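This report describes the fold of one protein chain for a reader at the start of a course. Please keep the sequence and the three-dimensional view at hand while reading.

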Amino acid sequence: MIFPIKQRRWLYISLSILSLCLAVTITPARASLQIPTTSTLNVSVSTSQPSNWLEQGRKLYHSGRFAEAVTIWQTAAQQYHTQGDRLNEALSLSYLSLAQQELNQWQAAQQSIEQSLKLLQTGKPPADAILWAQALNTQANLQLHTGKAETALDSWQQAQKYYEQAGDTMGSLGSQINQAQALQTLGFYRRSKQQLEALTQKLQRMPDNEVKVSGLRSLGLALQIIGDSKSQQVLEQSLAIARQISAQPQLSSILIALGQTAVDLQDPEAALDYFEQAQLLTTNPSDRLQARLAQFKLFLNYDKLEFVNPLAPQLLQQLRELSPSHTSLYAAINFVATLNHQSNSEQILPLKDLAQLMAITVKSAQQIQDTQAEAHALNQWGKLYQRTQQLSQAQELTQKSLNIARQLQANDIIAQSAWQVGQLYKQQGDRSKAITAYTEAVNALKALRGDLVAINPDVQFSFRTSVEPVYRELVDLLLENQPSQAELIQARELIEALQIAELDNFFREACLDRTQQIDRVDPTATVIYPIILPDRLTVILSKAGQPLRSYVTHKSQAEIEQTLDNFLVALNPVSDSKDRDRLSQQIYGWLIRPESAEQAFIDTKTLVFVLDGRLRNIPIAALFDGKQYLIEKYAVALSPGLQLMATRSLHQNHISAIVGGISQSRAGFSALPAVESEVKQISKAVSSSRILLNQEFTSQALAERVKSSSAGIVHLATHGQFSSRLEDTFLLTWDGQVNVKELSELLKNRGSDPSKAIELLVLSACDTAAGDDRAVLGLAGLAVKSGARSTIATLWPVKDRAAAMLMTRFYDQLRQPKITKAEALRQAQISLIRQTDFHEPFFWSGFVLIGNWI
């Protein structure tokens, strides 16, 4: 589903929450600012025309008519300047900057807020605290959007002081919520969480009133955006108080937020109940529309056509009759975008009716000068023509959308419209123009990065339908027939970029900035890129100093994925070993044998796999050629591609480690009795080590030990889970679960000096989430985000005695001179195959090395 992409912006209290994702996902609304009424300001405001314009601008802004608000506030600022009313001129300019930010007029917004602050600094009487707070809040929002999170944090801290000085409780709370967002952007997850927890405690001590309801609602929304499960609890408390004190205006937005939380938790019945309550309780027509649209999307997601069909024409009529505003435009756009995503939407509404709605929306957008909405509407309109194979009309409309997006430098719209133009050229058989258009779309997605990942809390759905296909369809085009060397290089770069985009999406922020080419790290490594395409599996080989090679297996994606799934099932020791070997040999043939026959791996010591899709879930080391496992011939490592941190080898004679774990049953997780033995044996193998076992293994103790120690290895033997959902990826400490963001921050707790980074992170008792075919994404995410140069972890729960044995042998090997981490793991795995009862792949192949293998 293609949704208009909005930048990360935060709202609190007085601005109504506007949902830009079909009114189901409560996204950060338009800005981080409160627009106070003139009566809340201790400023001399005349009753002449400008004050009326100020209030009129506020109404226009709240209704989403930003261009008109800009015009009104520009006029007000000029009139106040003529009257010599410095303070109200400053207020007008602050408002003006806010509206300009909504229209992506960043340079103009910067000039307006700078002028506002300059006026506040000069002349007499001195500016009121509330005016300073307002202007600093506007400035901070602009700073955060333009990538200056640290400066934004400082501005919001100053704004908080001014709000407190003015006695504005809600202003202070709003600034603190925004500070937590800035901390998140800077990567300080634990500090952000502490800030939000402190805010929760402050709100709990407040009397039950509308201020508390607003504060809790805003806090709940903030927690929802960052993926904190406490958001539901906070929103429920806000709802309970709102009902108790009859805070009617706020009920619907709280209920819609709770409905979205229930959607995220895959509880459709609860979600529907919340949305229905929101619709019944609100007196605001806009909120009622949001609630009905939320129900509509929910019904569609669960294929409840018996409810969708009667509701769709009612919503269509309502959307046609709305007065033009930012809110109404995007409601219409997203209504059509949702139906465009449905293959059977003609059974719900005639496509000509949807096209007519988009025609009306384009005219309305032109009327209120909302060019972004116009571009989005043109895009969806073009998609409707594309669906009916009216390709020339589709091309004309989509090209118009793309032209507007280029003028606006709106990468979000460029990505969508250029992708659609590429699809249209592909349908018409023009491969060259299709590749050019797709490349423009991918470049726009790369440019978005940090903005893209925080668009929508329902990020995985958005990513898998609006981002990932753009990369994959371009790779498919490039690898058609006999690709040239240039096309192979571009395809390889795209697959790596897709891996990075997936990790950005997982963490909801851009990450992995420092890179180094694998060829320069280890010339004896061969990098293998298997790429699953709809009708084939293409493998690209990269070896230092040689041209790229590729080979193809013509099988459908469904057949490939079914074979991979069957292989995983067959790895269970109770399964038929002949079946396992047959499947393993088949996959070996796809990935290795074609090139092996040509002696392509001569002088190769390590095979580095950049795995795609379902391939990430299988243990590559266990692939079988009929005589030997792959690990018996080569060391094996996994990587997100050429994106590696600069490396330095471990000094084998001076290995030091922090070793922690939990052997006892804790927090509902089963005991791991062999962990105690594992921890003690490793501490013997690594002469300089510090142990944190059971009660000693708390998140705080681990953080302090990491910060104070220069140990190159952190070995954690405890329960943990990797998932494609950020919220479900965690590690267990004695005092509870530590989510992956907090863990990654904790492990980087040595400052910014790269020489102090952890060389090796070992997680020897973790698991991938059951039924999650992209769970390894969480493992790769932690491996990258922790800053550790290498990570060893398990794809499934391994018998703890086998894990203890393998890990002990790994560290014995690691102490040998001039051995790489990948080779040390290989030798430990071979020892289990050849010297123990744990020779079945299930016991040793689940251990994978991610990152730098040297």
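Is the crossing of H18 and H19 left-handed or right-handed? The crossing of these two helices is left-handed. The account below places this pair in its surroundings and then turns to the strands. The model is a predicted one.

## The chain as a whole

The chain contains 35 helices and 15 strands. Of its 854 residues, 63% are buried. Among the contacts with a separation of 6 or more, 69% are between residues 24 or more positions apart.

| Helix pair | Residues | Packing angle | Distance between axes |
|---|---|---|---|
| H18 and H19 | 391-408 and 411-427 | about 150 degrees | 9 Å |
| H19 and H20 | 411-427 and 431-448 | about 160 degrees | 7 Å |

The angle of about 150 degrees makes H18 roughly antiparallel to H19. On the H18 side, the residues that meet H19 include Leu 391, Ala 394, Thr 398, Leu 402 and Ala 405. On the H19 side, the residues that meet H18 include Ile 413, Ser 417, Gln 420, Val 421 and Leu 424. By class, this contact has 10 nonpolar, 7 polar and 1 charged residues.

How do H19 and H20 run relative to each other, and what is the handedness of their crossing? With an angle of about 160 degrees between them, H19 and H20 are therefore roughly antiparallel. Their crossing is left-handed. In H19, Asn 411, Ala 415, Trp 419, Gly 422 and Lys 426 are among the residues that meet H20. In H20, Lys 433, Ala 437, Glu 440, Ala 444 and Leu 448 are among those that meet H19. The residues of this contact divide into 14 nonpolar, 3 polar and 4 charged.

Is Gln 420 buried or exposed? A relative accessible area of 1% lies under the limit of 20% that defines a buried residue, so Gln 420 is buried. When residues up to four places away in sequence are not counted, Gln 420 touches Asn 379, Gly 382, Lys 383, Gln 386 and Thr 398.

## Strands S1, S2 and S3

Strands of a sheet pair through backbone hydrogen bonds, either parallel or antiparallel. Strand S2, residues 536-543, pairs with S1 and with S3. With S1, residues 525-533, the pairing is antiparallel over 8 bridges. Here Ile 528 stands opposite Leu 541 in S2. S1 and S2 form a hairpin, with 2 residues between them.

With S3, residues 549-553, the pairing of S2 is antiparallel over 5 bridges. The bridge partner of Val 539 in S3 is Tyr 551. S2 and S3 also form a hairpin, with 5 residues between them. In that turn, Gly 545 has a positive phi of about 75 degrees.

Why is S2 described as largely enclosed by the rest of the structure? The reason is that 8 of the 8 residues of S2 are buried. Arg 536, Thr 538, Ile 540 and Ser 542 point one way from S2, whereas Leu 537, Val 539, Leu 541 and Lys 543 point the other way. Residues on both sides of the strand are buried.

## The sheet with S9 and S13

A further group of 4 strands forms an open sheet of mixed pairing, in the order S11-S10-S9-S13. Its edge strands are S11 (736-739) and S13 (766-768), each of which pairs on one side only. From one strand to the next, the twist averages 20 degrees. S9, residues 720-722, runs parallel to S13 and is joined to S13 by 3 bridges. Within this pairing, Gly 720 has Cys 766 in S13 as its bridge partner.

Helix H30, residues 699-708, contains Ser 699. Ser 699 and Gly 736 are 37 residues apart in sequence, and their C-alpha atoms are 8.2 Å apart in space. Apart from neighbours within four places in sequence, Ser 699 is in contact with Thr 733, Asp 735, Val 738 and Leu 746.

Definitions and conventions. Residues are numbered from 1 along each chain as its sequence is written. This is a predicted model: local features need pLDDT of at least 70, side-chain atom pairs count only at pLDDT 80 or more; totals for chains, interfaces and linings use all residues. Side-chain values use heavy atoms; hydrogens and water are left out. Axes are lines fitted to C-alpha atoms, for helices over the stretch in contact, and angles run from 0 to 180 degrees between N-to-C directions. Angles under 35 degrees count as roughly parallel, over 145 as roughly antiparallel, 65 to 115 as roughly perpendicular and the rest as oblique. A crossing is left-handed if the near helix is turned anticlockwise from the far one by less than a right angle, and right-handed if clockwise. Contact means heavy atoms within 4.5 Å. Ala, Val, Leu, Ile, Met, Phe, Trp, Tyr, Cys and Pro count as nonpolar, Asp, Glu, Lys and Arg as charged, and the others, Gly among them, as polar. Two strands pair if DSSP finds at least two bridges between them. Buried means under 20% relative accessible area, exposed over 50%, partly exposed in between (1.4 Å probe, protein chains only).
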